[in-house]
Amino acid sequence: MDYSSAPTFSLDQFEGPIELLLRLVQSHELTIDGLSLSDLTKQCLEKLARNQCNLDNGAQFIATTATLLYLKSCHLLPAQKTGEEASPQNVDDPNFSILLHLIDYCRFKQAAQQLAKREQQQEAFYPRGTGNENIPSFLGIEHLELSDLSNLFSSIINKASPSLEVVEEELFKVSDKILQLRQELECCEQISFTELFSEQMTRLELIVIFLAILELMKCAHASVVRDVASGEVSLTHFR
Amino acid sequence: MYKDINLFELPSREIPPPTPLTQLLAPPLSSTLRFQMSRIIEALLFASSEPISFDKLRQVVEHIGPIKPRELRTIILGLQHDYQVQQRAFRLEEVAEGFVLRSSGEYASYIELMIGLRRSERLSHAASEVLAIVAYRQPITRPQIDAIRGVDSSGTLYNLLERGLVAAVGKLETPGRPTLYAITSAFLKHFGLRTVEELPALPATT
């Protein structure tokens with residue numbers, strides 16, 4: 001990593017760029033207990049105010065500093081046991097999970113550096129067709145004006161064959177039937193299926209009623225019972 | 001005396017001696033055929049800016065005759081060797097599970113002069129971090145990436161998705177069904193990798 005351009009910090013124990021500090025803490029070459037939290041924060045804010053870092057490094061800088069402050073606060077604050085969330089391992093050693101996490105993150109940070117290095121190396125090799133290709137990334141929708149979209153849409157609409165269909169209101173709705181069934185259940189304890197499904201009803205209505213019954217059962221508003229003696233199935237209040 | 005009549009019996013025939021198995025599976029390639037195949041592969045590579053998969057090469061080459069994968073690979077390696085020996089300005093490389101011609105490194109600066117540095121932007125710190133996590137832990141959800149990095153990665157991930165370096169590959173079967181992300185062949189191409197296994201092992205703990 002290139003530390004030369006990064007803003008430097010001077011603390012009691014350490015002088016140098018913040019990235020290095022984070023890595024030292026992460027690799028346990030420095031203990032975070034000894035670091036002065038207030039000094040670090042003060043200097044950090046100063047650097048930010050003076051805008052010593054460019055935009056590219058800025059975000060990274062803030063992230064690194066924040067991570068450091070977080071680590072420090074983890075050390076300072078008493079270990080909080082969060083009941084079920086804490087696994088048995090973590091209860092023994094409150095630093096354990098943070099440590100493990102840090103080690104993991106450190107590994108990925110290194111892997112990212114390797115990737116970046118590889119990317120740089122790969123830039124030397126050009127495939128065929130270089131130069132006349134478009135920018136590989138998508139442009140997103142920022143470059144589109146609202147008028148472009150509306151033009152696009154109207155051109156598509158014009159192409160589409162005008163097909164007219166009559167939209168009919170549904171004759172039977174499951175929600176209506178649910179209401180109806182619930183009202184009926186209020187009046188009488190039990191409605192037999194033969195009453196519910198009468199022969200005059202259309203196929204559609206029968207299906208809708210059946211769906212309504214399933215829905216009522218799902219929501220635990222009603223249940224279906226069968227009389228042992230007569231074998232008749234009927235709808236009752238949920239028990 | 002009766003003679004048994006067996007309707008299923010076929011009149012005896014001369015059974016030809018079995019052809020040797022090796023000959024049956026793949027007749028040895030004649031040198032002219034081999035040369036022709038090699039030229040075909042060269043033409044395909046020349047015409048394509050994207051890596052061509054081994055299967056695709058085989059599919060095309062088999063139009064003039066069957067070829068064993070091993071022989072095809074030998075031909076490709078032969079081409080690769082030829083370019084090296086002839087000190088061509090390009091190389092045949094195996095990238096993103098395919099074969100592609102790419103310029104040799106020493107001429108990069110001249111190509112840059114020609115195209116005027118219109119190469120796509122390099123990845124930011126954050127982007128390479130997210131990419132590394134996806135590459136080593138794929139398939140992975142965004143919350144899992146966030147957990148490792150300790151910061152929100154949605155913006156970075158979105159950029160990577162737009163550049164086509166990562167892609168959504170499915171949903172994790174947990175509440176909320178979060179999207180799983182994995183790296184793409186564009187990633188392999190970008191980093192000049194043949195497969196994801198070619199990535200160096202994740203660095204050991206420091």
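Contact here means heavy atoms within 4.5 Å. Helices (H or I, at least four residues) and strands (E, at least two) are DSSP runs, numbered from the N terminus. This is a predicted model, where local features need pLDDT of at least 70, side-chain atom pairs count only at pLDDT 80 or more, and totals for chains, interfaces and linings use all residues. Residues are numbered from 1 along each chain as written, chains are lettered from A and ligands numbered from 1 in written order, and side-chain values use heavy atoms, without hydrogens and water.

I start with chain A. Helix α7 (residues 174-187) of chain A lies across β3, β4 and β5 of that chain, at about 80° to β5(A); axes are lines fitted to C-alpha atoms, for helices over the stretch in contact, and angles run from 0 to 180 degrees between N-to-C directions. Helix α9 (residues 203-218) of chain A also packs on the sheet, touching β4 and β5 of chain A.

The sheet itself is open, with three strands in the order β3-β5-β4 and antiparallel pairing. Pairing takes at least two DSSP bridges between two strands. β3(A) and β5(A) are joined by three bridges, and A:Ile191 stands opposite A:Leu235.

Now the interface. On chain B, 49 residues are in contact with 32 residues of chain A. Two salt bridges cross between the chains, a salt bridge being a side-chain nitrogen of Lys or Arg within 4 Å of a carboxyl oxygen of Asp or Glu. One of them joins A:Asp104 and B:Arg137, at 3.3 Å from N to O. On the chain B side, α6(B) gives the most, with nine residues.
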